[in-house]
Amino acid sequence: MSELAPSAAAPVARLIDAFHRLPGVGPKSAQRLTYHLIRMPRDEAEELASAIIGVKDRIVFCDTCMNISESVECAICRDLTRDRTRICIVEEPLDVLAVERARAFRGMYHVLHGVISPVNGIGPDDLKLKELLVRLADGTVTEVIIATNPNLEGEATAMYIQRLLSHLGVKVTALARGLPSGADLEYADDSTLAHAMESRAEVQSSNGTGGSGGGASPGLAN
Amino acid sequence: MVSSRPHTYSVEAVVVRASDFGEADRLVTLLTPFRGLVRAVARGARKPKSRLGGNVDLLRHIKASLAEGRSLHSVSQAESLTSLRGLHSGLEKMSTGLYMAEVAERFSVEGGPNPALFNQFVQMLQVLDEEPVNPLMARWFDMHVLRINGFLPAISDCVDCGSALEPKDHVFSPARGGLVCPECRATENDVLLPASMNTIKLLRHMARSRWDAVRPVDAGEEELRQAGRILREHMQFVLDRHVRSSAFMDEVTRWRPAGANSPSP
(Lines give C-alpha, C1' and ligand atoms only; values in the text may rest on other atoms or scores of the structure.)
Protein backbone atom coordinates (compact mmCIF):
# COMPACT_ATOMS: atom_id res chain seq x y z
CA MET A 1 0.00 0.00 0.00
CA SER A 2 0.98 3.63 -0.26
CA GLU A 3 4.22 4.88 1.21
CA LEU A 4 3.01 8.36 0.44
CA ALA A 5 0.29 8.43 3.04
CA PRO A 6 1.05 5.70 5.54
CA SER A 7 -1.41 7.04 8.09
CA ALA A 8 -4.29 7.59 5.65
CA ALA A 9 -7.23 5.19 5.48
CA ALA A 10 -6.69 2.38 2.98
CA PRO A 11 -9.08 3.69 0.25
CA VAL A 12 -7.51 7.15 0.53
CA ALA A 13 -3.99 5.77 0.30
CA ARG A 14 -5.05 3.68 -2.71
CA LEU A 15 -6.38 6.73 -4.53
CA ILE A 16 -3.27 8.76 -3.71
CA ASP A 17 -1.20 5.93 -5.17
CA ALA A 18 -3.37 5.88 -8.30
CA PHE A 19 -3.01 9.63 -8.85
CA HIS A 20 0.72 9.48 -8.19
CA ARG A 21 1.11 7.06 -11.08
CA LEU A 22 -0.26 9.67 -13.53
CA PRO A 23 2.31 11.64 -15.55
CA GLY A 24 3.35 14.91 -13.97
CA VAL A 25 1.57 14.24 -10.68
CA GLY A 26 3.88 14.30 -7.70
CA PRO A 27 3.10 13.02 -4.20
CA LYS A 28 1.79 16.37 -2.95
CA SER A 29 -0.44 16.88 -5.97
CA ALA A 30 -1.73 13.32 -5.59
CA GLN A 31 -2.70 14.07 -2.00
CA ARG A 32 -4.33 17.37 -2.95
CA LEU A 33 -6.39 15.74 -5.70
CA THR A 34 -7.46 12.94 -3.40
CA TYR A 35 -8.62 15.24 -0.61
CA HIS A 36 -10.37 17.43 -3.18
CA LEU A 37 -12.27 14.37 -4.39
CA ILE A 38 -13.22 13.44 -0.82
CA ARG A 39 -14.86 16.84 -0.42
CA MET A 40 -16.50 16.68 -3.86
CA PRO A 41 -20.28 16.00 -4.08
CA ARG A 42 -21.01 12.37 -4.83
CA ASP A 43 -22.65 13.02 -8.23
CA GLU A 44 -19.58 14.94 -9.47
CA ALA A 45 -17.29 12.15 -8.33
CA GLU A 46 -19.49 9.60 -10.10
CA GLU A 47 -19.42 11.70 -13.26
CA LEU A 48 -15.62 11.73 -13.16
CA ALA A 49 -15.47 7.98 -12.58
CA SER A 50 -17.93 7.41 -15.40
CA ALA A 51 -15.89 9.62 -17.75
CA ILE A 52 -12.77 7.57 -16.99
CA ILE A 53 -14.58 4.29 -17.59
CA GLY A 54 -16.13 5.75 -20.77
CA VAL A 55 -12.72 6.57 -22.18
CA LYS A 56 -11.42 3.10 -21.43
CA ASP A 57 -14.54 1.41 -22.85
CA ARG A 58 -15.17 3.47 -25.96
CA ILE A 59 -11.83 4.78 -27.16
CA VAL A 60 -9.76 2.63 -29.50
CA PHE A 61 -6.83 3.24 -31.83
CA CYS A 62 -7.80 4.08 -35.39
CA ASP A 63 -6.83 1.08 -37.53
CA THR A 64 -5.21 3.34 -40.09
CA CYS A 65 -3.47 6.24 -38.36
CA MET A 66 -3.28 4.92 -34.78
CA ASN A 67 -4.88 8.09 -33.45
CA ILE A 68 -7.38 7.66 -30.63
CA SER A 69 -10.89 7.29 -31.97
CA GLU A 70 -14.39 6.21 -31.07
CA SER A 71 -14.45 3.77 -33.98
CA VAL A 72 -11.98 1.66 -35.90
CA GLU A 73 -11.55 4.55 -38.33
CA CYS A 74 -11.12 8.07 -36.95
CA ALA A 75 -12.88 11.18 -38.30
CA ILE A 76 -9.78 12.34 -40.17
CA CYS A 77 -9.25 9.01 -41.91
CA ARG A 78 -12.97 8.90 -42.85
CA ASP A 79 -12.84 12.39 -44.37
CA LEU A 80 -12.65 11.81 -48.13
CA THR A 81 -11.78 15.45 -48.84
CA ARG A 82 -8.35 15.12 -47.24
CA ASP A 83 -5.15 14.67 -49.23
CA ARG A 84 -4.23 11.00 -49.01
CA THR A 85 -0.86 11.44 -50.67
CA ARG A 86 0.67 13.12 -47.62
CA ILE A 87 1.10 11.71 -44.14
CA CYS A 88 2.22 13.78 -41.19
CA ILE A 89 3.94 11.67 -38.53
CA VAL A 90 3.49 12.85 -34.95
CA GLU A 91 4.55 11.49 -31.57
CA GLU A 92 1.25 11.65 -29.68
CA PRO A 93 -2.50 12.09 -30.37
CA LEU A 94 -2.32 15.58 -28.83
CA ASP A 95 0.10 16.57 -31.60
CA VAL A 96 -2.62 15.84 -34.18
CA LEU A 97 -4.82 18.41 -32.45
CA ALA A 98 -1.96 20.93 -32.45
CA VAL A 99 -1.31 20.55 -36.18
CA GLU A 100 -5.04 20.64 -36.95
CA ARG A 101 -5.35 23.85 -34.92
CA ALA A 102 -2.84 25.53 -37.22
CA ARG A 103 -5.13 24.80 -40.25
CA ALA A 104 -2.04 24.45 -42.43
CA PHE A 105 -2.29 20.78 -43.32
CA ARG A 106 -5.08 18.85 -44.99
CA GLY A 107 -3.37 15.51 -45.35
CA MET A 108 -3.46 12.39 -43.19
CA TYR A 109 -1.67 11.58 -39.94
CA HIS A 110 0.20 8.74 -38.35
CA VAL A 111 0.63 8.65 -34.58
CA LEU A 112 3.75 6.87 -33.29
CA HIS A 113 2.64 6.79 -29.65
CA GLY A 114 6.04 7.70 -28.39
CA VAL A 115 9.52 8.56 -29.45
CA ILE A 116 12.74 6.60 -29.51
CA SER A 117 14.23 7.05 -26.06
CA PRO A 118 17.16 4.67 -25.62
CA VAL A 119 17.87 5.79 -22.04
CA ASN A 120 14.31 4.86 -21.07
CA GLY A 121 14.48 1.58 -22.96
CA ILE A 122 12.04 2.71 -25.67
CA GLY A 123 13.22 1.51 -29.04
CA PRO A 124 11.79 1.53 -32.58
CA ASP A 125 9.86 -1.67 -31.93
CA ASP A 126 7.81 0.14 -29.30
CA LEU A 127 6.50 2.69 -31.82
CA LYS A 128 3.80 2.24 -34.48
CA LEU A 129 6.33 1.94 -37.28
CA LYS A 130 5.26 -1.40 -38.71
CA GLU A 131 1.78 0.08 -39.18
CA LEU A 132 3.33 3.01 -41.04
CA LEU A 133 5.14 0.69 -43.43
CA VAL A 134 1.88 -1.12 -44.15
CA ARG A 135 0.25 2.21 -45.06
CA LEU A 136 3.04 3.10 -47.44
CA ALA A 137 3.05 -0.25 -49.22
CA ASP A 138 0.45 0.58 -51.92
CA GLY A 139 2.30 3.65 -53.23
CA THR A 140 -0.54 6.15 -52.67
CA VAL A 141 1.53 8.24 -50.29
CA THR A 142 4.10 10.43 -52.00
CA GLU A 143 5.29 12.52 -49.06
CA VAL A 144 5.84 11.77 -45.40
CA ILE A 145 6.18 14.84 -43.18
CA ILE A 146 7.93 14.08 -39.90
CA ALA A 147 6.62 16.31 -37.11
CA THR A 148 8.37 14.87 -34.08
CA ASN A 149 9.35 17.28 -31.32
CA PRO A 150 12.46 19.37 -32.04
CA ASN A 151 14.62 17.76 -29.39
CA LEU A 152 17.33 15.12 -29.53
CA GLU A 153 15.00 12.15 -29.14
CA GLY A 154 12.57 13.61 -31.68
CA GLU A 155 15.43 14.15 -34.12
CA ALA A 156 16.73 10.63 -33.58
CA THR A 157 13.25 9.27 -34.28
CA ALA A 158 12.98 11.40 -37.41
CA MET A 159 16.35 10.18 -38.69
CA TYR A 160 15.42 6.59 -37.95
CA ILE A 161 12.17 6.96 -39.92
CA GLN A 162 14.02 8.61 -42.77
CA ARG A 163 16.36 5.61 -42.94
CA LEU A 164 13.50 3.18 -42.63
CA LEU A 165 11.71 4.75 -45.59
CA SER A 166 14.76 5.49 -47.71
CA HIS A 167 14.29 2.44 -49.92
CA LEU A 168 10.59 3.11 -50.57
CA GLY A 169 11.05 6.08 -52.87
CA VAL A 170 8.72 8.29 -50.84
CA LYS A 171 9.68 11.92 -50.23
CA VAL A 172 10.51 12.44 -46.55
CA THR A 173 10.39 15.95 -45.12
CA ALA A 174 10.51 17.38 -41.61
CA LEU A 175 8.96 20.49 -40.10
CA ALA A 176 11.18 23.57 -40.37
CA ARG A 177 12.88 24.76 -37.21
CA GLY A 178 13.59 28.30 -36.19
CA LEU A 179 12.53 31.21 -34.08
CA PRO A 180 9.01 31.32 -32.67
CA SER A 181 6.83 34.29 -33.59
CA GLY A 182 7.08 37.11 -31.08
CA ALA A 183 10.28 35.86 -29.44
CA ASP A 184 13.37 37.96 -28.72
CA LEU A 185 16.49 36.98 -30.64
CA GLU A 186 18.74 37.53 -27.64
CA TYR A 187 17.03 34.76 -25.69
CA ALA A 188 17.18 32.15 -28.44
CA ASP A 189 19.56 29.28 -27.78
CA ASP A 190 22.43 28.73 -30.21
CA SER A 191 20.97 25.59 -31.75
CA THR A 192 17.66 27.27 -32.58
CA LEU A 193 19.47 30.28 -33.99
CA ALA A 194 21.73 28.08 -36.09
CA HIS A 195 18.74 26.18 -37.46
CA ALA A 196 16.95 29.43 -38.18
CA MET A 197 19.99 30.74 -40.01
CA GLU A 198 20.30 27.57 -42.09
CA SER A 199 16.59 27.65 -42.97
CA ARG A 200 16.52 31.39 -43.70
CA ALA A 201 14.11 32.48 -46.41
CA GLU A 202 14.17 35.39 -48.81
CA VAL A 203 12.08 38.26 -47.48
CA GLN A 204 8.80 38.49 -49.38
CA SER A 205 7.95 41.86 -50.92
CA SER A 206 4.67 43.53 -49.97
CA ASN A 207 2.97 42.45 -53.23
CA GLY A 208 3.72 38.87 -52.45
CA THR A 209 6.53 38.39 -54.96
CA GLY A 210 10.17 37.81 -54.43
CA GLY A 211 11.98 34.84 -53.16
CA SER A 212 11.79 31.19 -53.47
CA GLY A 213 13.04 30.50 -49.98
CA GLY A 214 11.10 28.90 -47.22
CA GLY A 215 11.04 25.52 -48.78
CA ALA A 216 7.56 24.57 -47.58
CA SER A 217 5.28 22.87 -50.02
CA PRO A 218 2.65 25.47 -50.98
CA GLY A 219 -0.10 22.93 -51.43
CA LEU A 220 -0.18 21.89 -47.82
CA ALA A 221 -2.67 24.42 -46.59
CA ASN A 222 -5.32 23.63 -49.14
CA MET B 1 15.58 36.53 10.41
CA VAL B 2 15.92 33.65 7.98
CA SER B 3 15.54 34.59 4.31
CA SER B 4 12.80 32.72 2.44
CA ARG B 5 14.59 33.18 -0.87
CA PRO B 6 15.86 29.88 -2.27
CA HIS B 7 19.60 29.40 -2.40
CA THR B 8 20.82 29.66 -5.98
CA TYR B 9 24.05 28.40 -7.44
CA SER B 10 25.70 28.02 -10.79
CA VAL B 11 27.06 24.78 -12.25
CA GLU B 12 28.66 23.46 -15.38
CA ALA B 13 26.62 20.46 -16.50
CA VAL B 14 25.60 18.09 -19.25
CA VAL B 15 21.95 17.04 -19.55
CA VAL B 16 21.97 13.24 -19.34
CA ARG B 17 18.25 12.59 -18.92
CA ALA B 18 15.16 14.59 -19.75
CA SER B 19 11.47 13.84 -19.51
CA ASP B 20 8.21 15.74 -19.70
CA PHE B 21 6.96 17.00 -16.38
CA GLY B 22 3.70 18.74 -15.56
CA GLU B 23 1.96 20.92 -18.15
CA ALA B 24 4.95 22.31 -19.99
CA ASP B 25 7.96 21.64 -17.78
CA ARG B 26 10.88 19.33 -18.32
CA LEU B 27 12.49 17.25 -15.61
CA VAL B 28 16.20 17.02 -16.30
CA THR B 29 19.06 15.11 -14.75
CA LEU B 30 22.28 17.07 -14.96
CA LEU B 31 25.71 15.53 -14.63
CA THR B 32 27.98 18.03 -12.91
CA PRO B 33 31.67 17.79 -11.98
CA PHE B 34 31.39 18.61 -8.28
CA ARG B 35 27.80 17.80 -7.32
CA GLY B 36 27.36 14.55 -9.24
CA LEU B 37 23.84 14.15 -10.56
CA VAL B 38 21.40 16.97 -9.96
CA ARG B 39 17.70 16.56 -10.73
CA ALA B 40 15.99 19.79 -11.59
CA VAL B 41 12.81 21.12 -13.14
CA ALA B 42 13.09 23.44 -16.10
CA ARG B 43 9.80 25.27 -15.85
CA GLY B 44 8.05 26.01 -19.13
CA ALA B 45 10.93 24.48 -21.08
CA ARG B 46 8.59 22.73 -23.52
CA LYS B 47 6.96 25.97 -24.62
CA PRO B 48 8.31 27.31 -27.92
CA LYS B 49 9.15 30.69 -26.44
CA SER B 50 10.90 29.33 -23.38
CA ARG B 51 14.32 30.83 -22.71
CA LEU B 52 15.44 27.46 -21.38
CA GLY B 53 14.01 25.04 -23.94
CA GLY B 54 16.88 24.37 -26.32
CA ASN B 55 19.51 24.47 -23.62
CA VAL B 56 17.97 21.78 -21.44
CA ASP B 57 17.75 19.16 -24.15
CA LEU B 58 19.70 15.92 -23.89
CA LEU B 59 23.49 16.08 -24.33
CA ARG B 60 23.64 19.85 -23.96
CA HIS B 61 26.80 21.11 -22.28
CA ILE B 62 25.61 24.12 -20.32
CA LYS B 63 26.20 26.52 -17.51
CA ALA B 64 23.04 26.46 -15.44
CA SER B 65 21.78 28.59 -12.58
CA LEU B 66 19.83 26.40 -10.20
CA ALA B 67 17.57 27.30 -7.31
CA GLU B 68 17.46 24.76 -4.52
CA GLY B 69 14.06 23.35 -3.71
CA ARG B 70 12.83 20.95 -1.06
CA SER B 71 12.88 17.88 -3.29
CA LEU B 72 13.83 19.15 -6.72
CA HIS B 73 15.97 22.06 -7.78
CA SER B 74 14.77 24.32 -10.56
CA VAL B 75 16.69 25.68 -13.52
CA SER B 76 16.43 29.45 -13.56
CA GLN B 77 18.89 30.09 -16.39
CA ALA B 78 20.90 28.00 -18.81
CA GLU B 79 23.44 28.98 -21.40
CA SER B 80 25.30 26.80 -23.83
CA LEU B 81 29.01 26.23 -23.15
CA THR B 82 29.89 24.02 -26.11
CA SER B 83 27.72 23.91 -29.19
CA LEU B 84 28.05 20.15 -29.92
CA ARG B 85 25.84 20.59 -32.97
CA GLY B 86 27.74 17.88 -34.78
CA LEU B 87 26.09 15.35 -32.45
CA HIS B 88 22.84 16.02 -34.28
CA SER B 89 24.29 15.23 -37.68
CA GLY B 90 23.63 11.51 -37.71
CA LEU B 91 21.87 8.67 -35.97
CA GLU B 92 25.15 6.93 -35.07
CA LYS B 93 26.42 10.04 -33.31
CA MET B 94 23.17 10.57 -31.43
CA SER B 95 22.88 6.95 -30.33
CA THR B 96 26.55 6.81 -29.25
CA GLY B 97 26.18 10.11 -27.35
CA LEU B 98 23.05 8.84 -25.60
CA TYR B 99 24.83 5.60 -24.72
CA MET B 100 27.75 7.51 -23.18
CA ALA B 101 25.29 9.71 -21.27
CA GLU B 102 23.62 6.67 -19.76
CA VAL B 103 26.98 5.10 -18.81
CA ALA B 104 28.12 8.37 -17.21
CA GLU B 105 24.81 8.67 -15.36
CA ARG B 106 24.90 5.07 -14.10
CA PHE B 107 28.36 5.61 -12.61
CA SER B 108 27.30 8.81 -10.85
CA VAL B 109 25.26 9.57 -7.77
CA GLU B 110 23.44 12.63 -6.53
CA GLY B 111 25.79 14.82 -4.54
CA GLY B 112 28.86 12.72 -5.43
CA PRO B 113 31.60 14.81 -7.04
CA ASN B 114 33.48 13.08 -9.84
CA PRO B 115 35.23 15.72 -11.96
CA ALA B 116 37.38 13.13 -13.75
CA LEU B 117 34.29 11.31 -15.03
CA PHE B 118 32.63 14.59 -16.02
CA ASN B 119 35.69 15.79 -17.92
CA GLN B 120 36.05 12.44 -19.66
CA PHE B 121 32.40 12.56 -20.70
CA VAL B 122 32.59 16.13 -22.03
CA GLN B 123 35.82 15.34 -23.85
CA MET B 124 34.26 12.33 -25.58
CA LEU B 125 31.16 14.33 -26.52
CA GLN B 126 33.47 16.85 -28.16
CA VAL B 127 35.30 14.05 -29.99
CA LEU B 128 31.96 12.65 -31.14
CA ASP B 129 30.88 16.13 -32.21
CA GLU B 130 33.94 16.67 -34.38
CA GLU B 131 34.97 13.25 -35.68
CA PRO B 132 33.25 10.54 -37.69
CA VAL B 133 31.82 7.81 -35.48
CA ASN B 134 34.36 5.12 -34.74
CA PRO B 135 33.19 1.85 -33.13
CA LEU B 136 36.07 2.13 -30.65
CA MET B 137 34.74 5.40 -29.20
CA ALA B 138 32.11 3.76 -27.00
CA ARG B 139 34.50 0.96 -26.00
CA TRP B 140 37.28 3.38 -25.06
CA PHE B 141 34.77 5.42 -23.07
CA ASP B 142 33.55 2.29 -21.27
CA MET B 143 37.11 1.37 -20.37
CA HIS B 144 38.01 4.78 -19.00
CA VAL B 145 34.78 5.24 -17.07
CA LEU B 146 35.56 1.90 -15.41
CA ARG B 147 39.15 3.06 -14.74
CA ILE B 148 38.08 6.38 -13.25
CA ASN B 149 35.66 4.64 -10.93
CA GLY B 150 38.13 1.99 -9.84
CA PHE B 151 36.61 -0.91 -11.76
CA LEU B 152 39.19 -1.37 -14.48
CA PRO B 153 39.05 -5.03 -15.52
CA ALA B 154 42.14 -7.09 -14.72
CA ILE B 155 43.66 -7.65 -18.14
CA SER B 156 47.39 -7.79 -17.38
CA ASP B 157 47.60 -10.88 -15.19
CA CYS B 158 45.24 -13.64 -14.10
CA VAL B 159 42.59 -12.08 -11.91
CA ASP B 160 42.62 -15.07 -9.54
CA CYS B 161 46.21 -16.19 -9.02
CA GLY B 162 48.00 -13.10 -10.33
CA SER B 163 50.28 -15.11 -12.60
CA ALA B 164 51.43 -13.55 -15.85
CA LEU B 165 49.28 -14.56 -18.79
CA GLU B 166 51.00 -16.19 -21.73
CA PRO B 167 50.55 -14.38 -25.03
CA LYS B 168 47.68 -16.52 -26.37
CA ASP B 169 43.88 -16.71 -26.27
CA HIS B 170 42.28 -16.61 -22.81
CA VAL B 171 38.85 -16.16 -21.25
CA PHE B 172 37.35 -13.29 -19.29
CA SER B 173 35.18 -13.73 -16.21
CA PRO B 174 32.80 -10.80 -15.61
CA ALA B 175 32.04 -12.13 -12.13
CA ARG B 176 35.72 -12.18 -11.18
CA GLY B 177 36.44 -8.98 -13.09
CA GLY B 178 39.25 -10.06 -15.33
CA LEU B 179 41.10 -12.55 -17.48
CA VAL B 180 41.71 -15.95 -15.96
CA CYS B 181 44.57 -18.30 -16.68
CA PRO B 182 43.90 -21.94 -17.74
CA GLU B 183 44.61 -23.20 -14.19
CA CYS B 184 42.03 -20.90 -12.59
CA ARG B 185 39.41 -21.32 -15.30
CA ALA B 186 37.21 -24.04 -13.79
CA THR B 187 34.63 -22.57 -11.46
CA GLU B 188 31.03 -23.67 -11.36
CA ASN B 189 28.40 -21.29 -12.76
CA ASP B 190 30.99 -18.79 -13.91
CA VAL B 191 30.24 -17.28 -17.32
CA LEU B 192 33.47 -17.13 -19.29
CA LEU B 193 33.80 -14.92 -22.36
CA PRO B 194 36.31 -15.66 -25.11
CA ALA B 195 39.20 -13.21 -25.35
CA SER B 196 41.54 -13.78 -28.26
CA MET B 197 45.13 -12.62 -28.10
CA ASN B 198 44.30 -9.69 -30.39
CA THR B 199 41.27 -8.76 -28.27
CA ILE B 200 43.49 -8.73 -25.17
CA LYS B 201 45.99 -6.50 -26.97
CA LEU B 202 43.17 -4.17 -27.97
CA LEU B 203 41.81 -4.01 -24.40
CA ARG B 204 45.26 -3.31 -22.97
CA HIS B 205 45.95 -0.63 -25.54
CA MET B 206 42.63 1.08 -24.80
CA ALA B 207 43.22 0.89 -21.04
CA ARG B 208 46.62 2.59 -21.10
CA SER B 209 46.18 5.02 -24.01
CA ARG B 210 44.58 8.34 -24.65
CA TRP B 211 41.90 8.50 -27.32
CA ASP B 212 44.34 10.07 -29.80
CA ALA B 213 46.41 6.88 -29.72
CA VAL B 214 43.40 4.57 -30.03
CA ARG B 215 41.65 6.42 -32.86
CA PRO B 216 43.90 5.07 -35.66
CA VAL B 217 43.60 1.45 -34.54
CA ASP B 218 41.96 -0.64 -37.23
CA ALA B 219 40.40 -3.32 -35.06
CA GLY B 220 38.93 -6.42 -36.66
CA GLU B 221 35.23 -7.28 -36.45
CA GLU B 222 35.83 -10.21 -34.10
CA GLU B 223 38.11 -8.22 -31.76
CA LEU B 224 35.56 -5.42 -31.60
CA ARG B 225 32.77 -7.86 -30.86
CA GLN B 226 34.72 -9.66 -28.12
CA ALA B 227 36.02 -6.45 -26.52
CA GLY B 228 32.51 -4.96 -26.61
CA ARG B 229 30.99 -8.01 -24.96
CA ILE B 230 33.71 -8.19 -22.29
CA LEU B 231 33.41 -4.52 -21.35
CA ARG B 232 29.61 -4.56 -21.46
CA GLU B 233 29.24 -7.64 -19.30
CA HIS B 234 31.90 -6.44 -16.88
CA MET B 235 30.08 -3.13 -16.62
CA GLN B 236 26.75 -4.87 -16.14
CA PHE B 237 28.25 -6.91 -13.31
CA VAL B 238 29.68 -3.77 -11.67
CA LEU B 239 26.47 -1.76 -12.05
CA ASP B 240 24.16 -4.71 -11.42
CA ARG B 241 22.06 -3.48 -14.30
CA HIS B 242 22.02 -3.35 -18.05
CA VAL B 243 22.88 -0.16 -19.96
CA ARG B 244 19.63 0.13 -21.87
CA SER B 245 20.70 2.44 -24.66
CA SER B 246 23.31 -0.04 -25.90
CA ALA B 247 20.60 -1.93 -27.80
CA PHE B 248 19.67 1.11 -29.90
CA MET B 249 23.31 2.00 -30.51
CA ASP B 250 23.96 -1.55 -31.72
CA GLU B 251 20.88 -1.52 -33.94
CA VAL B 252 21.83 1.78 -35.53
CA THR B 253 25.40 0.65 -36.06
CA ARG B 254 24.32 -2.61 -37.68
CA TRP B 255 21.22 -0.99 -39.21
CA ARG B 256 18.63 -3.67 -39.17
CA PRO B 257 15.52 -1.52 -38.87
CA ALA B 258 12.41 -2.84 -37.15
CA GLY B 259 9.68 -3.73 -39.60
CA ALA B 260 11.74 -3.16 -42.71
CA ASN B 261 11.30 -5.80 -45.37
CA SER B 262 14.76 -5.29 -46.69
CA PRO B 263 17.70 -3.44 -45.19
CA SER B 264 18.52 -0.07 -46.61
CA PRO B 265 21.83 0.30 -48.42
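How much area is buried between domain 1 of chain B and domain 2 of chain B, and what share of that area do carbon and sulfur atoms give? In this predicted model, the area buried between the two domains is about 1900 Å², and carbon and sulfur atoms give 73% of it.

**View 1. The two domains of chain B and their contact.** Chain B is divided into domain 1, spanning residues 1-133, and domain 2, spanning residues 135-243. Their contact draws on 19 residues from domain 1 of chain B and on 22 residues from domain 2 of chain B, while the C-alpha centres of these domains lie 31 Å apart.

**View 2. Residues on the domain 1 side of the contact in chain B.** On the side of domain 1, B:Y99, B:R106 and B:F107 lose the most area to domain 2 of chain B, and together they account for 36% of what that side buries. Between domain 1 of chain B and domain 2 of chain B, the count is 1 salt bridge.

**View 3. A salt bridge in chain B.** Here the side chains of B:R215 and B:E131 meet in a salt bridge, with a distance of 2.5 Å from N to O.

**View 4. The second largest pocket and its lining.** This pocket holds about 650 Å³ of space and is lined by 23 residues, among which A:G26, A:P27, B:F21, B:S71 and B:L72 lie nearest its centre. At least two lining residues each are supplied by helix 2 (27-39) of chain A and by strand 1 (8-21) and strand 5 (73-82) of chain B, with helix 2 of chain A giving the largest share, 4 residues. Sorted by class, the lining of the second largest pocket comprises 8 nonpolar, 9 polar and 6 charged residues.

Technical notes
Residues are numbered from 1 along each chain as its sequence is written. Chains are lettered from A and ligands numbered from 1 in the order in which they are written. This is a predicted model: local features need pLDDT of at least 70, side-chain atom pairs count only at pLDDT 80 or more; totals for chains, interfaces and linings use all residues. Side-chain values use heavy atoms; hydrogens and water are left out. On a 1 Å grid over the protein atoms alone, a cavity is a set of points where a 1.4 Å probe fits but cannot get out, and a pocket is an open set with protein on both sides within 12 Å along at least five of seven lines; lining residues have an atom within 4 Å of a point. Grid points are joined across faces, edges and corners, and a volume is the space filled by probe spheres set on the points. Ala, Val, Leu, Ile, Met, Phe, Trp, Tyr, Cys and Pro count as nonpolar, Asp, Glu, Lys and Arg as charged, and the others, Gly among them, as polar. Domain bounds come from an automatic or database domain assignment. Contact means heavy atoms within 4.5 Å. Buried area is the accessible area (1.4 Å probe) that two parts lose on being put together, summed over both. A salt bridge is a side-chain nitrogen of Lys or Arg within 4 Å of a carboxyl oxygen of Asp or Glu.
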